[in-house]
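Student: I've never looked at this one before. Could you walk me through it, a bit at a time?

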Amino acid sequence: MTREHLGDRSVVRRPASIKDVAAAAGVSPTTVSHVLSGNRPVNEDTAARVRSVVNRLGYVPASLARSLQAGSTSVIGLLIPDISNTFFAELAKGAEDAAHDLGYGLILCNTEFDADREDRYLGMIRSRFIDGMVYASGSPPSRRRLEALMGKFPIALADEEVDGLQGALIATADHEAGGRLVGEHLRELGHRRALMLTGPRALKSGADRANGFVKAFKGKVVERVGDFKEASGHRLVAGRLEEGRLDCTAVFAANDLMAFGALTALREAGLSVPGDISVVGFDDIRAASLIHPPLTTVHQPAYDVGRTATAQLLQYVSRGEVPPASRHTLPVELKVRASTAPPAR
């Protein structure tokens, strides 16, 4: 209930109801409910119209209003780029387990590495009155966008860093150390020429893996930029083969999915792994040990990254405190399997 003063009169205005929103948007109350809950698909234009009316009228669902009066919604957001990649599925499981243990619910947003889709989800999260957010970026992140969100609720960065972002809580694997382990392994086997398949260099995790590898390998490295998806690994290697320019004895892919794509392209070209060429990935997702040949890769603790980021965030949120800037770096490990061997003579 709000009170407005008009001259010498005061007018009491009741809070907007779901029926008010429905009438103003020209839809049914049920449609408004579906838009706000996300439980049922709603035409995008209709949903945008409803959200605009909600913002204009300042409508707050009754259950949320009760939570806000208590000072907390006991809900956090988790933004990840690809739920079909089991690395991010494990990260999400760690985050959800930590939230559950502390009595919090979790809203999961999957961006599919799409910057526009990520923007829409961040806008939705901003309007949901959540207590905090765990952010695992899949597209080059916007520092200004995250800084604006940090003015509304605390944010933890999981497996990724954002250059220039001040005051963030970070939980990440040691990506540069992982790249270094791969470079050392291939060099010790005798390799001196490598094709490196990276993700977008604007993502610090991918840049750190590449930098660590180049420093340790100390040989000739040809870099090709992919998007962390299997199809890009296949496309980049197949393209080099078609051009007759696969002048290397080893391939380092910045994640396992791109390594899988590379393996397929090499197999289609009649090349043997590791007889003709060695292949190394990064992440150690479950399928890495099950494919043929089993993939040499860097194991990073996805579950622990998600759980650590969330637990550290909620440690402060649950006390009504703003988390201080901090960094938690988790160790990685090289898993040597059958996809690497000394180069053929």
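Tutor: Helices (H or I, at least four residues) and strands (E, at least two) are DSSP runs, numbered from the N terminus. This is a predicted model, where local features need pLDDT of at least 70, side-chain atom pairs count only at pLDDT 80 or more, and totals for chains, interfaces and linings use all residues. Residues are numbered from 1 along each chain as its sequence is written, and side-chain values use heavy atoms, with hydrogens and water left out.

Student: Which residues in H7 does H6 meet?

Tutor: Start on the H6 side, where Glu118, Asp119, Leu122 and Arg126 make the contact. Counting both sides by class, there are three nonpolar, no polar and four charged residues. (Ala, Val, Leu, Ile, Met, Phe, Trp, Tyr, Cys and Pro count as nonpolar, Asp, Glu, Lys and Arg as charged, and the others, Gly among them, as polar.) The partners in H7 are Arg145, Ala148 and Leu149.

Student: Are H6 and H7 roughly parallel or roughly antiparallel?

Tutor: Their axes, which are lines fitted to C-alpha atoms over the stretch in contact, with angles from 0 to 180 degrees between N-to-C directions, come within 11 Å and cross at roughly 10°. Angles under 35 degrees count as roughly parallel, over 145 as roughly antiparallel, 65 to 115 as roughly perpendicular and the rest as oblique. H6 and H7 are therefore roughly parallel.

Student: How many of the 13 residues of H11 are buried?

Tutor: Buried means under 20% relative accessible area, exposed over 50%, and partly exposed in between (1.4 Å probe, protein chains only). Among the H11 residues that pass are Leu257, Met258, Phe260 and Leu263. The helix is mostly covered, and the count is 10.

Student: Which residue with a positive phi follows H11?

Tutor: H11 covers residues 256-268. The residue in question has a phi near 80°, and it's Gly270.

Student: Where is Cys248, and which residues does it touch?

Tutor: Cys248 is in the loop between H10 and E10, and because its relative accessibility is 11%, it counts as buried. Ser278 is 30 residues away in sequence but 9.4 Å away in space, C-alpha to C-alpha. Leaving aside neighbours within four places in sequence, Cys248 touches Arg193, Ala194, Leu195 and Ile277.

Student: How many disulfides are there in the whole structure?

Tutor: A disulfide is a pair of cysteine sulfur atoms within 2.5 Å. A search of the whole structure finds zero.

Student: Which peptide bonds are cis?

Tutor: Most peptide bonds are trans. Omega is near 10° for Val273 to Pro274, and near -10° for His292 to Pro293.

Student: Is Asp284 buried or exposed?

Tutor: Asp284 sits in the loop between E11 and E12, and its phi is positive, near 60°, although Asp284 isn't a glycine. With a relative accessible area of 15%, Asp284 is buried.

Notes
The expected span of a helix is 1.5 Å times one less than its number of residues. Contact means heavy atoms within 4.5 Å.
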